[in-house]
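Me: Hey, I'm new to this one. Can you walk me through it?

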Amino acid sequence: MPDTTASRTITLVNPQGFHARPAHKFMQLASGFQAEVLIIKGNEKINGKSILDLLTLGAQNGTTLTLQASGNDAQAAVDALAQLVESGFGEMAEK
């Protein structure tokens, strides 16, 4: 089966954006997939499996990012990571 590519645009909804805890959760989830995972912010592309890249991204609440993955499980990776981000990394206050 050939490698596939998937992408999805997401917006950071948690109040603090990508800080240490969400970056760690994202990296852990991304590392569970074989696909290469990239995050695109403007003209910047970073490795979604690198905690250092995630922490230096400077993405705050409301920032729009594009998740891009390539590999056999690319779509599953993008779907799972988008769900994590859209859920606010579990940091959203219960309503």
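Me: First up, is Arg8 buried, partly exposed or exposed?
Reply: Arg8 counts as partly exposed, at 31% relative accessibility. Buried means under 20% relative accessible area and exposed means over 50%, with partly exposed in between (1.4 Å probe, protein chains only).

Me: Where do these values come from?
Reply: This is a predicted model, where local features need pLDDT of at least 70, side-chain atom pairs count only at pLDDT 80 or more, and totals for chains, interfaces and linings use all residues. Residues are numbered from 1 along each chain as its sequence is written, and side-chain values use heavy atoms, leaving out hydrogens and water.

Me: OK, how many salt bridges turn up in the whole structure?
Reply: Two. The term means a side-chain nitrogen of Lys or Arg within 4 Å of a carboxyl oxygen of Asp or Glu.

Me: Which side chain meets Glu86 in a salt bridge?
Reply: That of Arg8, at 3.1 Å, N to O. The pair links distant parts of the chain, with Glu86 in helix 3 and Arg8 in strand 1, 78 residues apart. Helices (H or I, at least four residues) and strands (E, at least two) are DSSP runs, numbered from the N terminus.

Me: And what about Asp79 and Arg8?
Reply: Their side chains meet in a salt bridge too, at 3.9 Å, N to O. Arg8 sits in strand 1 (residues 4–11) and Asp79 in helix 3 (residues 74–86), 71 residues apart.

Me: Which residues are linked in a network, then?
Reply: Arg8, Asp79 and Glu86, through salt bridges.
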